[in-house]
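Please open the structure in your viewer and keep the selection panel at hand.

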Amino acid sequence: MDLSFRKSSRKIWQTLSSIKTGVILIILCVIFSAAGTVILQRPMTDPEDMQRAYSPAMLRFLDATGLTDVFHARWFVALLILVSFSIVAASVERFPNSWRYFARPYKSPDETFRRALTTQSHIAVEDEEKGLGAAERALQKLGLGSERIVRTNSFSLFSERNRISEMAVYIVHASLLLIFLGGIVDALYGWRGFLMLTPGTASNQVEMNNGSSKALKFAIRCDDAGEETYADGSPKKWWSKLAVMDDGREVSKKEIVVNDPLTYQGVRFYQATFGRTGKLVSLALTATPANGKGPAQDISLGLNQIAALDPDTKVQLAEFIPDYVVQDGRVYARSNDVVNPAVHMIVTSVKNNSAVNVWLPEIPGIAENATSPYVFEAKDLKTGIFTGLQVSHEPGQWSVWGGVILMALGLTLVFYVTHVRIWVVPVSDGHGHSTLWVGGSANRNRDAFEIRFRQIVAEIEKELKPAAAAAMERQARAVAGTASIAGR
Amino acid sequence: MARAKVEQHPATGAALVVGVGLSIAFLLFIAFLNVVKSGNLLSEANLLYAALVFYAGAGALYLGFGVTGTESYIKFASLATWAGLIANSGAVAHRWYEAGHPPFASLYEMLLSFVWTLAALTLIAEKKYGVKVIGTVTMPVAIVGVILMQLLRSEVRPLVPALQSTWLHVHVTLAMLAYAACALSFALAMMFLIQDKVKTELFLMATSIFTVGTYAAILTRFERWGGFNVVAWDAENKSEVFLSRGVRLFVTIPDLGWLMLLVFCAVAAPLVLFLLARVRKDDGFLNLANRAVFISILLQTLALAFFLLRTRDGRYPSLDADGLYATNLAASPFILSALVGGIFANLLYLLLLWRRDDLERLLPDADALDRITYKTICIAFPLLTLMIAAGAFWANRAWGSYWNWDPKETWAAITWLVYAGYLHMRITRGWRGRRAAYFAILGFAVVMFTFFGVTYLLPGLHAYA
């Protein structure tokens, strides 16, 4: 029973670490991710739109299977975890071999290896020493360098570059795992929410996406906020002057804009939106007596504020509607955007014991501007603004960025750094004829390597020639010398 | 099965050249009118027109080679590509200067950059890798890009706050380079299949399936009584007409639907004949299929012409609202690309059919093309990786989260996975040759969906382009 358990666990391990499994898992990821982009997803879509797009039966099915929120569904997360396991298993399975290959360079090739190697060449030399010396010089010239490997009777040469390239693929996969790890940490411990502030207020309550509220250990105060627009009205810049209050003390200050957040204790505040609350802050008016007798007055009113125009008359700002629309003889607010503002003021006169409803603009059928003792003209309108801040805490992002950098390194090694090995082994055939066996191997870009190898061989042959020429010269001198001796 | 030898059609070949020549003359005339109208020779629109004319010229010359077999046409095509690139660079510089930022903020600007990169990479591939006919595939894509650009909103739009960031430039530059490299790998993979002696009939099948699929997608706009639905266009605001948030208003062009249906049958004919040839094992059907391709090109051109004419003039009724509304080519960029793309794909097939031997002679051998495709993907993949990383970093700074499973992000990840799959299969399983080529073609199809499909079919946060 123990044996069968081991056998089955071995089988499971083999399946998990096989490339086939990896490919199948990737295909499944692709299919479900694509489904998540085509099927309407709940977090982002209005429930009404969802009901409009799918029949009730279909919607029930999609909800039950989790297809309406694919990327947060348990089985999708499980799939991603399975992908991570498969990467780990595949790497662990293959790593020992690669490590052996990496840690113990094959410096002295035996005969079987030499016979089998694809990239090789033979150079005839008259003397082993000289041949190896020439090869050393040639490799040096080409920037390759070499080390002498001691053999039984002589030595051979071994030159290699960029052995790290053999580990490249593990670096890439490790970086993927780092990224996944970051994602998982953020999914478990990270959070995102929203915080709306009007200038002058402070808050430590963040509204989360699911409706709940999270209290931060510190507060954010908004000192000022503003918007700059282009000529056509589209937004150019949104900014907020924020201050962090920790324990009642102001700890840090920053003016943030979109793309430039404030960070404090790992929590980031992003300038996300900007808007008008639609609430009146103040309205500046000029009031001129209707009968023409008397000077015009400049007054400023807030909501429900009363101002005395003269000992007899008072005006109160009763209503401010940012975007008005008239229906059935009543004035309604269509939205909170300051598009079509209307003000309702009540002018009371003690003497006449009257109250007149003045509307700016003068809404027909509702406004009684004609009977008002004063004529009003609006000069300046200040409405409330709010700044919308996106708040997020992502502890795992460092793992993600670390993974990205590591992947950049890994991919560079995978594609652009080749592990090159050159061997030069003196071979004598027993008849006193020596040859230099030159062999080479590269783990990628083999066609470019072939060219390089030819260069190396040519360089070695070039190095050998002066020796041959020198030898011939010595021979010639020797002959001449003998002749001269003989001649003497 | 003996391979059917299709004889040349000198008469129809001449008709093709005349047709192409007339189109270029037409375009030049329009360009001349524009210069006269604006009084400005070197405006961005004119430079773009010049680029279009030159790229179209290059494309036409490649086709001319296809018809006549004159090799010097290829040299001139290369020169035309150079000229187009210079004009294109002028347009880019002009745009950059006017806008005050590199051209990356809208679909128009991205297409401008993409076409420029495509032309540049084409010339690099010709010089460095010696693949002199790569323009046959990349130039049509560039032409479609420039035509699309002519229709999209081209006024310089100032950037909304989220787009004002260096990371935007980094992200989009990487995207353009990556997608152009993927386009190149697609072209090379196709050429590999040619050199790998894939039967011409199979190219017929693939082209036919592509065109049929395209027209099937077009026919989703078919309205019951033969009308054709297009999005209404508001000429004043230069934008599509919306009924409510995210819901476009469609108008129905009468009778155009029948024409599209007819052309659909015409493009389905070669596929049907191909299948008949397979089933009946009769090559005579293949000959018929090839003639059917030629006829379908003529009909597709007709469909394009009518589409252009009907969308330019006239106001049409809508099923969703009262009154008549105008439409515009700019409201239907997808349909236009589909129509033009279909014509080009079929023309390329004819090029292969008539000039296969010449192509095989001019192209590097299969092994070399296989390796070059792999090398191109080795360039594309790191670029894709960096593009996604830069996008994530920028998203983190702008929206507080580096990954939102936004459709564009998700499809970019899918693209990345497909190319990672290609590399895995090649490196660890030793996949070479045809299987690798098919994989590369699949990868490019996913790239095109990520770039175009997501924008028009699946909106989201990435609403800028």
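Is the crossing of H5(A) and H8(A) left-handed or right-handed? Before turning to the view, please note that this is a predicted model.

**First stop: two helices of chain A**

Select helix H5 (residues 74-103) and helix H8 (residues 168-189) of chain A; their axes come within 10 Å and cross at roughly 155°. Because an angle over 145 degrees counts as roughly antiparallel, H5(A) is roughly antiparallel to H8(A). As for the opening question, the crossing of H5(A) and H8(A) is left-handed.

Now display the side chains where these helices meet. On H5(A), select Leu80(A), Ser84(A), Ile87(A), Val88(A), Ser91(A), Phe95(A) and Ser98(A). Facing them in H8(A) are Tyr170(A), His173(A), Leu176(A), Leu177(A) and Phe180(A). Coloured by class, the contact of H5(A) with H8(A) shows eight nonpolar and four polar residues, and no charged ones.

**Second stop: the domains of chain A**

Colour chain A by domain. Domain 1 covers 2-103, and domain 4 covers 279-384. A distance drawn between the C-alpha centres of domain 1 of chain A and domain 3 of chain A reads 34 Å.

Show both chains together. The contact draws on 35 residues from chain A and 32 residues from chain B. On the side of chain A that touches chain B, select helix H2 (19-38), strand S7 (235-246), strand S10 (267-289), strand S18 (374-393) and helix H9 (397-416), each of which supplies at least two residues. Which element of chain A gives the largest share of that side? H2(A) does, with 10 residues. By class, the side of chain A that touches chain B consists of 21 nonpolar, nine polar and five charged residues.

Move to chain B, where three strands form an open antiparallel sheet in the order S1-S2-S7. Strand S1 (222-223) and strand S7 (250-253) of chain B are the edge strands, each pairing on one side only. Between S1(B) and strand S2 (residues 227-231) of chain B there are two bridges, and these strands run antiparallel. Zoom in on Phe222(B), which stands opposite Phe228(B) in S2(B).

Note on methods
Residues numbered from 1 in each chain as written. Chains lettered and ligands numbered in written order. Predicted model: local features only at pLDDT ≥ 70, side-chain atom pairs only at ≥ 80, totals over all residues. Contact = placed C-beta atoms within 7 Å. Helix = DSSP H or I, 4+ residues; strand = E, 2+ residues; numbered from the N terminus. Nonpolar A, V, L, I, M, F, W, Y, C, P; charged D, E, K, R; others polar. Pairing = 2+ DSSP bridges. Domains from an automatic or database assignment. Axes fitted to C-alpha atoms, helices over the stretch in contact; angles between N-to-C directions. Parallel < 35°, antiparallel > 145°, perpendicular 65-115°, else oblique. Left-handed = near helix turned anticlockwise from the far one by under 90°.
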